Amino acid sequence: MRADQALAPRNPVAAPPTSRQGALSIPQARGLPLLGCIPFLLANPLQFLLTQRRRLGPVFRVRAPGRDMVVLSGVEANRFMSEEGKDCFVSARFWGGVVREWQCPHFISATDGAVHIDERRALKPSMSRTVADARQQGLVEIVHETVGRYARGGSPFSMRELARTLTNAELYYLLTGERLKLSPALGKALAEYQRITFNVLVLGKWPRLMLKTPGYLLSRRRALAFIARLRKRFEAEPPADGYFRAALERHRSDPARRAKELDFAFLAPFWAGLDTLGSSFVFLVQQLVLDRSLLERVRSELDDAIRKEGLSGIPSPETLRKLPLLYGLCMETLRLYPVAFASGRTAARDFTFQGYRIAKGQDVMILTSATHFENRYFKDPLEFDIERYSAPRNEHRTKYAFNPFGRGPHICLGAAMAESMMLTTVATLLRDYELEAAVPGKRYPMIFDPSPTLPAAFAVSVRRR
Ligand code: HEM
């Protein structure tokens, strides 16, 4: 079953022009008088950027009122940001709005160099694969509890809402070791607060006036009350280990960190997971309900593994990772629906990439997911094909072609944990539930809110198998 036709690679990527002398001049993406690229970026930034890449080659300029950004794309760009060019970029300006709002200069995404390395080292153990693998049984129970709550009554419900509630509950559990019933209202508040903050303070898509709307203020109040409760609890009685312990220790050992910075540290992992893991899960479920034979194939592989091992529940995380169809289902979702499809940076110094000179201070976007849509790495890239991840194809193994978790020094810190969560959640869903779309056969378009997701109207009904 093919994904959104709009992403179709109609033409091969234009080769960079050759220049006999000096640097190449950076071609300009399509735009309108006064508005520049804004209307296209607002409508479908991924499609727009992929189309411009095909027209203009691996480097092009995107302009909008008050914004001027150079896009770098392709395997070479992904390699450059990970290897010889990794010190050519800084992140502080891209995240500047959030850093100012929260007075959080140590926010991991906004730091670079030694400070960043130090922050990553401190937080890594609390977001590792080991954390999710060790708590697999708890995750299964959370899926049962949450999906069970939504399934009660048999009416269809918004998949986006379920995904938010589930992701929050799973993250809370993995980061604290405790199970807490988190309400859908809290999931909605955290997501809404993030959505508006990102659109205003990070992407600059909306005016600051949006930060005064009643909807925003209510979500903010709810989200902050949740964070205040967490803080009060954990400050009085620090957890033995895990993310919140690490965040508290970082805070206490550094007098330069303000109170607000700790609040943000408590909020950040929920934000990191909601728009990414939550939305990936929504895309994956849409694929399953649209394609019954896909669902049956993955399920029968799982059922066989359960039978072979004589288990009463799902296999261990290690076994799940070795089930080619289940693994392929998760990876293919991350490839074709890249929820974090690009990384925003600023040039830390003058540098040259593929003959184009980029000046220090230039805003840059690395379109890390561009390669996901290219025939030379992924055969028939718009086909949802879960077999491309197993031998002999192993298409994701071409270095720097498959980048759902970004590239370079800021590559997702929670990637392995997220992968384990995804495998366990999907396996539990397939083993224990029947899923049906509220509107059979309807494919909802990808929306950008601000990251790629599906509309809240995408609803499913679920019953116990
Ligand atoms: C499907 C799920 C996920 C996807 C696709 C994803 C994707 C990404 C990407 C692309 C980046 C790099 C952004 C950049 O270059 O600026 C990133 C960074 C990060 N992610 Fe994830 N993420 C996922 C889940 C998670 C989860 C569950 C957590 C943990 C709660 C997490 C924690 C982080 C952190 C802490 C960073 C910042 C790393 C740094 O700046 O050094 N992510 N993620």
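**Note on the predicted model**

1. G85 sits in a loop, the one between helix 3 (75-82) and strand 3 (89-90). Keep in mind throughout that this is a predicted model.

2. Is G85 buried or exposed? G85 counts as buried because it has 21 C-beta neighbours inside 10 Å. The cut-off for buried is 20 or more.

3. Which residues does G85 touch, once its neighbours within four places in sequence are set aside? They are F80, F351 and F353. Now look at Q354. It lies 269 residues from G85 along the chain, yet the two C-alpha atoms are separated by 12 Å.

4. Step back to the whole protein chain. It holds 16 helices and 12 strands. Its C-alpha trace spans about 70 × 55 × 40 Å along the principal axes.

5. How does the radius of gyration fit a compact globule? For 465 residues, such a globule would have a value near 23 Å. The protein chain has 22 Å, so the two agree.

6. Burial can also be read for the chain as a whole. Of the 465 residues, 43% are buried. Contacts tell a further story. Take those between residues at least 6 apart in sequence: 73% of them join residues at least 24 apart.

7. The domain assignment gives two entries for the protein chain. Domain 1 is made of 1-103 + 342-375, and domain 2 of 114-340 + 412-465. Their C-alpha centres lie 28 Å apart. Where they meet, domain 1 supplies 16 residues and domain 2 supplies 17 residues.

8. Which elements give two or more residues to the side of domain 1 that touches domain 2? Helix 2 (45-56) and helix 4 (96-102) do. Helix 4 provides the largest share of that side, with four residues. By type, this side of domain 1 divides into eight nonpolar, five polar and three charged residues.

9. Now the ligand. There are 24 residues around it, and T276, S343, G406, C412 and G414 come nearest. Two elements give two or more residues to this shell: helix 12 (259-290) and helix 16 (415-432). The largest share, six residues, comes from helix 12.

10. What types of residue make up the shell around the ligand? The shell divides into 15 nonpolar, eight polar and one charged.

Definitions and conventions:
Residues numbered from 1 in each chain as written. Predicted model: local features only at pLDDT ≥ 70, side-chain atom pairs only at ≥ 80, totals over all residues. Near = placed C-beta within 6 Å. Nonpolar A, V, L, I, M, F, W, Y, C, P; charged D, E, K, R; others polar. Buried ≥ 20, exposed ≤ 12 C-beta atoms within 10 Å, placed from the backbone. Contact = placed C-beta atoms within 7 Å. Rg over C-alpha atoms; globule rule 2.2 N^0.38 Å. Domains from an automatic or database assignment.
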